[in-house]
Amino acid sequence: MNATEILKYDIANNHPPEDRALVTRIIDNELNSGASVVREGNTIFIFKKINPETIEAHSFNADTAEKLVKNIKAFLKLCKKMGFKYVQTDFEDPKMARLLASFRPEYNVKTKRIDHGYRALVEV
């Protein structure tokens, strides 16, 4: 799959129909505002620096759950190599909170409820 196919797959399979246009606009806005893009397997990570130590990242996945875990861990290692200490991500699906919690003790993960979902901060 190419990057466009991965994004389309994720939007079609991981977001309710009423949110799909909004997710597409958010991706476009992020890319047009200078966000960076990294691909690991069939997972796309779009991220931008919040401060010198922290990035905000969003993942778009067309891989299995098992491969998604591997892809996220590879992305976190890359973030550490780039000099970041924290990766922040917002999400709505509570399954993602459980998936990120499974990264402990390898990574310190703090998750909290926010409007419309959750925010996780991963120390890399």
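**Note on salt bridges, strands and a cavity**

1. E106 counts as partly exposed, at 44% relative accessibility. That value, like the others below, is computed from a predicted model. The side chain of E106 meets that of K73 in a salt bridge, with 3.2 Å from N to O. K73 belongs to helix α3 and E106 to the loop between α4 and β5 (108–114), so the pair ties together parts that are 33 residues apart in sequence. K73 is also partly exposed, with a relative accessible area of 23%.

2. The count of salt bridges in the model comes to four. Another of them joins the side chains of K85 and E53, at 3.5 Å from N to O. Here the pair ties together parts that are 32 residues apart in sequence, because K85 sits in the loop between α3 and β4 while E53 sits in the loop between β2 and β3. K85 is partly exposed at 45% relative accessibility, and E53 is partly exposed with a relative accessible area of 35%.

3. Is the glutamate E30 buried or exposed? E30 is buried, since its relative accessible area of 13% is under the 20% cut-off. Its side chain meets that of K48 in a salt bridge of 3.3 Å, N to O. Since E30 lies in helix α2 (residues 20–32) and K48 in strand β2, this pair ties together parts that are 18 residues apart in sequence. K48 itself is partly exposed, at 31% relative accessibility.

4. Strand β2 (residues 43–51) runs antiparallel to β1 (residues 36–40), and five bridges join the two. They form a hairpin with two residues between them, and G41 in the turn has a positive phi of about 60°. V38 stands opposite F45 of β2.

5. Strand β2 is also joined to β3 (residues 54–61), by eight bridges and again in an antiparallel arrangement. β2 and β3 form a hairpin with two residues between them. Within β3, A57 is the bridge partner of F47.

6. How many cavities of 30 Å³ or more does a search of the whole structure find? The search finds one. About 120 Å³ of space lies in the largest cavity. Its lining includes F45, A57, I72, F75, V87, M96 and V122. At least two lining residues come from each of β3, α3 (65–81), β4 (86–91) and α4 (94–101).

7. By class, nine residues of that lining are nonpolar, three are polar and none is charged. Among the residues that line the cavity are also H58, S59 and T89.

Conventions:
Residues numbered from 1 in each chain as written. Predicted model: local features only at pLDDT ≥ 70, side-chain atom pairs only at ≥ 80, totals over all residues. Heavy atoms only, no water. Pairing = 2+ DSSP bridges. Helix = DSSP H or I, 4+ residues; strand = E, 2+ residues; numbered from the N terminus. 1 Å grid on protein atoms, 1.4 Å probe; cavity = no way out; pocket = protein on both sides within 12 Å on 5 of 7 lines; lining within 4 Å. Points joined across faces, edges and corners; volume = space filled by probe spheres on them. Nonpolar A, V, L, I, M, F, W, Y, C, P; charged D, E, K, R; others polar. Buried < 20%, exposed > 50% of the residue type's maximum accessible area, 1.4 Å probe, protein only.
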